[in-house]
Amino acid sequence: MELLEDRIRRDGRILPGNILKVDEFVNHQVDPELMVAMGKDFAEHFKDLGITRVLTLEVSGISMALTAALELGVPMVFAKKISSKTLSNDTYHSKVFSFTKKIEYDIRVDKRFVTPDDKILIIDDFLAAGQALHGLIDLCEQGGAEVAGIGIAIEKVFQGGGKIFRDQGYDVYSLAMIDHFTDDGVVFSNEVTQ
Ligand code: 5GP
């Protein structure tokens with residue numbers, strides 16, 4: 001998606017450890033127009049699959065999952081990263097190892113929002129090694145829901161997560177695919193000659 005690639009080139013910052021900081025438009029300040037455009041792109045790709053819910057992980061997946069859900073006309077559900085007093089005990093939970101924080105944390109979703117009747121579109125802001133996605137797929141499997149598709153804003157292809165899930169047969173659709181970082185910036189997969 002050209003709009004997102006241009007924005008990454010303009011405002012993204014590469015940090016040590018192969019981390020791309022996008023807090024000007026996704027991870028802290030959020031650009032609503034960009035989120036609407038991304039939601040429309042996700043919805044266009046997955047519109048014929050009978051999606052019943054969009055599932056993401058708090059916090060940074062929410063803005064783009066919401067716009068995709070709006071376009072698809074379905075609810076958006078976000079898995080919670082910690083147990084909270086307001087969350088019912090009737091939850092599915094899984095564990096995720098955080099790529100950026102290097103800690104393991106618990107994710108939970110209420111059983112009412114992941115059911116055997118669901119065809120779920122999972123959306124997240126980044127795909128690196130695939131741990132977050134693994135946890136979200138696990139929640140869907142526990143609820144007997146079908147994972148109908150996976151939408152990612154920024155995939156760092158060189159970290160291998162995308163290949164794992166595509167090899168398993170999932171439709172992983174990423175709006176910006178980063179082949180590698182250089183000292184000068186980001187090189188997208190569509191800029192690399194095969
Ligand atoms: P994975 O679980 O695929 O290894 O990493 C994906 C998760 O880690 C995403 O949910 C995202 O929050 C975080 N993450 C991974 N790589 C980056 C990155 O380069 N920048 C930012 N801001 N978050 C990242």
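Val54 stands opposite Leu121 in strand E7. That pair sits where E3 and E7 join, in the parallel sense, over three bridges. This is a predicted model: local features need pLDDT of at least 70, side-chain atom pairs count only at pLDDT 80 or more, and totals for chains, interfaces and linings use all residues. Residues are numbered from 1 along each chain as its sequence is written. Helices (H or I, at least four residues) and strands (E, at least two) are DSSP runs, numbered from the N terminus. Two strands pair if DSSP finds at least two bridges between them.

**The sheet**

- Six strands form an open sheet, in the order E4-E3-E7-E8-E9-E10, with mixed pairing.
- Strand E4 (76–79) and strand E10 (185–188) are the edge strands, and each pairs on one side only.
- From one strand to the next, the twist averages 30 degrees. Axes are lines fitted to C-alpha atoms, for helices over the stretch in contact, and angles run from 0 to 180 degrees between N-to-C directions.
- E7 and E8 run parallel and are joined by eight bridges. Here Ile120 stands opposite Val147 in E8.
- E9 (residues 172–182) and E10 run antiparallel, with four bridges between them. Phe181 has Val186 in E10 as its bridge partner.
- Strands of a sheet pair through backbone hydrogen bonds, either parallel or antiparallel.

**Helices on the sheet**

- Helix H2 (residues 32–46) packs on the sheet and touches strand E7 (119–127), strand E8 (146–156) and E9. The direction of H2 makes about 140 degrees with that of E8.
- Helix H4 (residues 131–142) also packs on the sheet, touching strand E3 (53–57), E4, E7 and E8. The direction of H4 makes about 165 degrees with that of E7.
- Two residues are in contact if their C-beta atoms, placed from the backbone, lie within 7 Å.

**What is covered**

- A residue is buried if 20 or more other C-beta atoms lie within 10 Å of its own, exposed if 12 or fewer, and partly exposed in between; C-beta atoms are placed from the backbone.
- E7 is mostly covered, with eight of its nine residues buried.
- Helix H3 (residues 62–72) has buried residues too, among them Met64, Ala68 and Leu72. The buried residues of H3 pack against H2, E3, E4, E7 and E8.
- Gly73 follows H3, and its phi is positive, near 75 degrees.

**Around the ligand**

- The ligand is surrounded by 20 residues, and the closest are Phe99, Ala128, Ala129, Gln131 and Ala132. A residue is near a molecule or strand if its C-beta atom, placed from the backbone, lies within 6 Å of it.
- Strand E2 (19–21), E7 and H4 each supply at least two residues of this shell. E7 gives the most, with four residues.
- By class, the shell has eleven nonpolar, six polar and three charged residues. Ala, Val, Leu, Ile, Met, Phe, Trp, Tyr, Cys and Pro count as nonpolar, Asp, Glu, Lys and Arg as charged, and the others, Gly among them, as polar.

**Positions listed in UniProt**

- For "binding site", an unreviewed UniProt entry lists Ala128, Ala129, Gly130, Gln131 and Ala132. The annotation also covers Leu20, Asn27 and Lys156. UniProt positions are given in the numbering used here, feature names are shortened, and annotations may be inferred rather than shown by experiment.
- Ala128 lies in the loop between E7 and H4. Ala128 counts as buried because it has 22 C-beta neighbours inside 10 Å. Not counting residues up to four places away in sequence, Ala128 touches Phe99, Lys156, Gln159 and Gly161.
- Lys156 is in strand E8. Lys156 has 25 other C-beta atoms within 10 Å, so it is buried. Beyond four places in sequence, Lys156 touches Asn18, Leu127, Ala128 and Ile178.
- Gln131 lies in helix H4. Gln131 has 16 C-beta neighbours inside 10 Å and therefore counts as partly exposed. Leaving aside neighbours within four places in sequence, Gln131 is in contact with Val96, Phe97 and Phe99.
- Asn27 is in the loop between E2 and H2. Asn27 is partly exposed because 16 other C-beta atoms lie within 10 Å. Leaving aside neighbours within four places in sequence, Asn27 is in contact with Val22 and Ser60.
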